Amino acid sequence: MTTGLRIGVQLPEVERRVRWPEVLSMARAADEVGFDSVWLGDHLLYRDDRREVGPWDVWTQMAALAASTTRVRIGPLVACAAFHPPGLLARMAASIDEVSGGRFTLGIGAGWNETEFRAFGVPFDHRAARFEEAFGIIRRLLDGEHVSVRGRFHTVEDAVLLPVPERRPPLMIGSTGARVLRATLPHVDAWNTWFDAFGNRPERFAELSSWIDGLVEDAGRAPGEVLRSACALVVLDRASTERAVPDGVVPLEGGPDDIAGGLRALAAAGAGEIILVVAPITERSIRDLGEAIEIARREPDGARRT
């Protein structure tokens, strides 16, 4: 169950101010110690009564990381389809996949943070309907089609991706919305959910994954055709103030064996990929987690038969 487990890590978003050299060092550390992937959030602005913060542009950073790493997969967690015209988003995805040598995964969703939509003039209404139209255009362009659509929200006329991409990058939907899932599960390679949707608890992830099974079957596919990707909160230092632990969430913590046990439990609950959301998120944290992910991938004692 666990030997084929993919383990990734989310790089910093707004936990603190992080400059490019530190981001690059963390990505290269993940490359070196055995992580399968690195992920970056696609947001423009967070604003509340306490703070006003925003991350670096995700597409610029992913392109730079694609050219600066050698092994890890790279992707947005997840790209907001509303932030760019769908044809341009497809072009950016194809270009980053080319730069990375086929190491890009297009995680995509409809977005949720109304503050950033309003601040940057992005329409927030009819999000599911807008997403459905955009996703259809993006998917078809990445499949190599000439696409013409005169929709309610988007119009393209004989659009095509040139130069012709070597392949279609894998698609991952990040959503628990039934309408968005029904629009995407007939086509995507993976489904991802954030840790607070299942409390970081394997038994609740299994329940959520079972619901996805039904939607995948409704789409005419076998459940095993869609990889289950779980974001998991890992707390390495309880004194860290970088990321608060939400009520009802049980983080993975302790030594390498403890964290590895938590990863194994999520894998046993159906997660084929686990993306670690780490507090604190530093190069040292990433290197320290190398042992835990190595343990998590080992065959359990007695699992091998001669």
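Arg-139 sits in helix α5, which runs over residues 127-142. This is a predicted model. In it, Arg-139 has a relative accessibility of 17%, so it counts as buried, since buried means under 20%. Leaving out residues up to four places away in sequence, Arg-139 touches Leu-171 and His-187.

His-126 lies in the loop between α4 (114-119) and α5. Its phi is near 50°, a positive value in a residue other than glycine. His-126 is partly exposed, with a relative accessible area of 40%. Asp-158 also has a positive phi, about 50°, although it is not a glycine. Asp-158 belongs to strand β9. It is partly exposed too, at 49% relative accessible area.

Now step back to the whole chain. It holds 10 helices and 13 strands. Its radius of gyration is 19 Å, close to the 19 Å that the globule rule gives for 306 residues, so the chain is as compact as a globular protein of that length. The C-alpha trace spans about 55 × 50 × 35 Å along its principal axes. Of the 306 residues, 49% count as buried. Among contacts with a separation of 6 or more, 72% join residues 24 or more positions apart. The accessible surface comes to about 14,100 Å², and 48% of it belongs to carbon and sulfur atoms.

Next, take helix α1, residues 20-33. At 1.5 Å a residue, its 14 residues should span 20 Å; the end C-alpha atoms are 20 Å apart, which agrees. Buried residues in α1 are Val-23, Leu-24, Met-26, Ala-27, Ala-29, Ala-30 and Asp-31. Their cover includes β1 (6-10), β2, α2 and α9 (283-288). Look at Ala-29 in this helix. Its relative accessibility is 0%, so Ala-29 counts as buried. Apart from residues up to four places away in sequence, Ala-29 touches Glu-283, Ile-286 and Arg-287. Val-18 is 11 residues from Ala-29 along the chain, and their C-alpha atoms are separated by 16 Å. Just after α1, Gly-34 takes a positive phi of about 115°.

Helix α2 covers residues 58-68, and its buried residues are Val-58, Trp-59, Gln-61, Met-62, Leu-65 and Ala-66. Seen down the axis of α2, these buried residues fall within an arc of 160°, so they line one face of the helix. An α-helix has 3.6 residues a turn, so residues three or four places apart point the same way. The face of α2 turned away from the buried side carries the exposed residues Thr-60 and Ala-67. On the buried side, the residues of α2 pack against α1, β2 (37-40), β5 (73-76), β6 (79-80), α3 (86-100) and β7 (106-109). Asp-57 caps the N-terminal end of α2. One of its side-chain oxygens lies 3.4 Å from the backbone nitrogen of Trp-59.

Finish with two peptide bonds. The bond from Leu-77 to Val-78 is cis, with omega near -15°. Val-78 lies in the loop between β5 and β6. The bond from Leu-162 to Pro-163 is cis as well, with omega near -5°. Pro-163 is in the loop between β9 (155-159) and β10 (171-174).

Technical notes:
Residues are numbered from 1 along each chain as its sequence is written. This is a predicted model: local features need pLDDT of at least 70, side-chain atom pairs count only at pLDDT 80 or more; totals for chains, interfaces and linings use all residues. Side-chain values use heavy atoms; hydrogens and water are left out. Buried means under 20% relative accessible area, exposed over 50%, partly exposed in between (1.4 Å probe, protein chains only). Helices (H or I, at least four residues) and strands (E, at least two) are DSSP runs, numbered from the N terminus. The arc is that of the directions from the helix axis to the C-beta atoms. Contact means heavy atoms within 4.5 Å. A polar contact is a pair of N or O atoms within 3.5 Å; within protein, one must be able to donate a hydrogen and the other to accept it, and residues adjacent in sequence count only if both atoms are side-chain atoms. The expected span of a helix is 1.5 Å times one less than its number of residues. The radius of gyration is taken over C-alpha atoms; the globule rule is 2.2 Å times the number of residues to the power 0.38. Accessible areas come from the Shrake-Rupley method with a 1.4 Å probe; for residues, only the protein chains shown count as cover.
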